[in-house]
Amino acid sequence: MTKYTVEIEGKPYEVEIEGEGPSYSVIVDGVPYEVSIQEERVREEKTLHAQGPVVVSSPSIPTSRAMSPGSVPSPMPGTILKIHAVEGKTVSAGDLLFTLEAMKMENQISSPLTGTLKRILVKEGQAVNTGDSLAIIS
Amino acid sequence: MEEKLKELQEKLQESCLGGGLERIEQRHQKGKLTARERISVLLDEGSFEEIDMFISQGCHGLVADQREFLGDGVVTGCGTIDGRLVYVASQDFTIMGGSLGEMHARRIVYAQELALKNGVPFIQINDSGGARIQEGVASLEGYGEIFKFNTLASGVIPQISIILGPCAGGAVYSPAITDFVFMVDQVSHMFITGPDVIRTVTGEEVTFEQLGGAAAHSTRSGVAHFFDQTEKECLLKVRKLLEYLPSNNVEDPPEKEVTDSPFREDESLLTVVPEDPQKVFDVKDIICSVVDNGEFIEVHALFAGNLVVGFSRLNGKVVGIVANQPAVLAGCLDIDASDKGARFIRFCDAFNIPLVAIVDVPGFLPGVSQEHGGIIRHGAKMLFAYAEANVPKISLIVRKAYGGAYVCMCSKKLGTDLVLAWPQAEIAVMGPEGAVNVAHRREISAAENPEKVREEKVRQYRERFANPYVAARCGFVDAVIDPRKTRYHLIQAVKMLHRKREDRPRKKHGSIPL
């Protein structure tokens with residue numbers, strides 16, 4: 001994994017890139033993207049936004065299928081009450097990963113797929129918003 | 001005469017073979033059924049009567065080199081499901097990719113017309129490459145006429161779409177207008193613009209399955225109401241759904257012989273809702289406990305899981321259930337749940353199906369994306385649908401009923417006929433903690449021990465407001481019931497309301513905030 005700090009229009013972004021083309025896993029400020037580089041488009045985009053990184057994709061889709069590596073997005077705004085999983089361990093689809101306190105309720109967040117829990121991106125007590133990535137599974 | 005009969009036989013056979021044996025064989029190798037085989041799985045054995053078998057583009061005279069196909073790429077007719085008449089149209093992919101031309105459309109529209117005139121369900125099986133390019137604008141007008149009939153028939157007869165192949169471009173709007181859309185994993189694909197166009201225009205890389213597959217439309221877009229693994233399972237589920245639907249809007253839904261005692265009590269209902277108000281539970285445990293034989297056919301099972309909707313029976317009578325699901329998003333109402341609920345409520349209202357709400361709602365989902373996504377507009381649909389509906393409306397409050405979301409789940413004054421509540425129900429403007437923080441902020445912050453004062457205030461609030469008796473005194477709750485006897489009380493409620501008539505001011509139609 002290579003880390004960069006990229007500055008675009010004065011705003012710094014923490015970028016982590018993993019993989020050897022044409023597909024990469026890119027994490028920009030904690031939000032994971034799956035990126036595939038298409039030669040021609042890259043050239044086009046580069047001339048358009050010379051200073052920025054080239055991202056030809058949208059954030060990962062949290063469906064249970066066709067996600068690898070996948071991110072576990074927060075379904076709603078709230079606070080991480082408890083982390084039930086350990087980084088580096090295997091998880092099965094449906095395994096309890098987090099308890100998220102939201103709307104005065106303890107909501108259970110389970111793994112959407114089976115794989116290795118690569119990273120946990122939040123800490124207990126941390127506030128999260130809808131769509132924030134909580135963990136990465138591959 | 002013998003000659004004539006022979007000619008008839010030949011033509012009938014030609015029509016039945018569609019695009020020919022070779023293409024039929026190709027489909028079978030792909031594990032797909034033909035248009036006629038699908039009809040035979042869907043309908044009662046031997047009940048299918050085909051109409052317009054000889055329809056063909058040839059009626060206008062054929063252009064040189066053009067081959068004539070009798071039937072024009074779609075099979076239509078009527079038959080029965082559990083002995084009840086339905087009309088069907090099943091597109092035949094073996095004839096010009098099931099493409100829709102003028103006569104193809106005319107054949108479908110005639111089946112729609114007959115379904116409407118007879119007041120029976122219309123079921124279409126979509127498997128088509130789209131508009132027939134060779135026929136130009138005439139095929140587009142064909143779609144127009146189909147959409148118009150779908151719309152005219154909406155709320156008069158149930159309309160069901162089964163997508164068993166591609167359904168792209170304008171073609172998607174006929175299913176979209178119909179009441180229920182069924183899709184099969186890896187078989188059905190629906191989209192307005194396909195992956196190729198999307199790649200050219202926006203540069204996004206997406207497969208057919210990711211873009212418009214059954215999984216995408218069942219979980220994300222909400223276009224599909226039912227998801228299945230195989231064509232056969234899907235067709236049989238359509239038969240199952242029809243067990244709950246009346247043939248038209250002046251009939252009552254079909255009753256079924258009752259094999260489940262209306263007096264059956266369930267001890268587990270005492271503990272199904274956790275005592276700790278922060279803990280979640282699965283509302284389907286309550287639904288399956290109280291309805292006849294635990295049978296519940298869930299609509300939109302994979303979409304907006306925070307609201308559960310579907311059909312069941314109570315003492316043989318069909319009811320539509322709308323329930324908050326605390327296990328998903330804490331049971332909050334959000335944009336998707338509101339749309340899902342509103343559509344279901346309006347369907348039930350149109351087809352004389354009493355509504356039962358099971359309420360445990362902490363409120364609306366907070367967030368900028370919800371607000372800017374138009375939760376005001378979408379939540380209003382649900383309120384509108386509930387207030388407008390004049391079928392019997394029953395609510396059962398099992399735990400939290402807070403704020404505007406409580407009203408949205410059909411509060412008394414919005415128009416619920418009978419509100420039942422379990423003893424642990426909390427009906428209030430907001431939850432105890434939130435309310436105390438607002439109402440006693442100064443007092444708490446000024447106290448020597450703020451936490452202790454807060455706890456005391458929360459306890460007082462619970463006692464004063466967060467119980468069913470405050471609302472019951474005002475007549476907003478009609479009965480506080482023993483959870484174990486919920487089935488009995490719901491059955492009684494349906495019985496008490498089964499002759500309900502409630503007239504509305506005459507109008508062309510309301511203006512629901514779409």
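Chain B has 20 helices and 17 strands in its secondary structure. Please keep in mind that this is a predicted model.

On overall dimensions, the C-alpha atoms of chain B fill a box of roughly 100 × 55 × 45 Å along the principal axes. The radius of gyration of chain B is 26 Å; a compact globule with 514 residues would have a value near 24 Å, so the two agree. Of the 514 residues in chain B, 48% are buried. Then the contacts: if we take those in chain B with a separation of 6 or more, 73% are between residues 24 or more positions apart.

Next, the domains. Chain B is divided into three parts: domain 1 covers 2–242, domain 2 takes 267–430 + 467–496, and domain 3 is 432–465. Between domain 1 and domain 2 of chain B, the C-alpha centres are 36 Å apart. Where these two domains of chain B touch, domain 1 gives ten residues and domain 2 gives twelve. On the domain 1 side, the elements of chain B that supply two or more residues are α9 (214–221) and α10 (231–242). By class, that side of domain 1 has five polar, three nonpolar and two charged residues.

One helix I would like to show you is α12 of chain B, residues 335–350. How far does this helix of 16 residues reach from its first C-alpha to its last? The span is 23 Å, close to the 22 Å expected at 1.5 Å a residue. If you follow the chain just past α12(B), you come to B:N352, which takes a positive phi of about 60°.

Last, the contact between the chains. Chain A puts in 18 residues and chain B puts in 21 residues. Which element gives the largest share of the chain A side? That is strand β9 of chain A, residues 105–110, with four residues. Sorted by class, the side of chain A that touches chain B has eight nonpolar, six polar and four charged residues.

Conventions:
Residues are numbered from 1 along each chain as its sequence is written. Chains are lettered from A and ligands numbered from 1 in the order in which they are written. This is a predicted model: local features need pLDDT of at least 70, side-chain atom pairs count only at pLDDT 80 or more; totals for chains, interfaces and linings use all residues. Two residues are in contact if their C-beta atoms, placed from the backbone, lie within 7 Å. Ala, Val, Leu, Ile, Met, Phe, Trp, Tyr, Cys and Pro count as nonpolar, Asp, Glu, Lys and Arg as charged, and the others, Gly among them, as polar. The radius of gyration is taken over C-alpha atoms; the globule rule is 2.2 Å times the number of residues to the power 0.38. A residue is buried if 20 or more other C-beta atoms lie within 10 Å of its own, exposed if 12 or fewer, and partly exposed in between; C-beta atoms are placed from the backbone. The expected span of a helix is 1.5 Å times one less than its number of residues. Domain bounds come from an automatic or database domain assignment.
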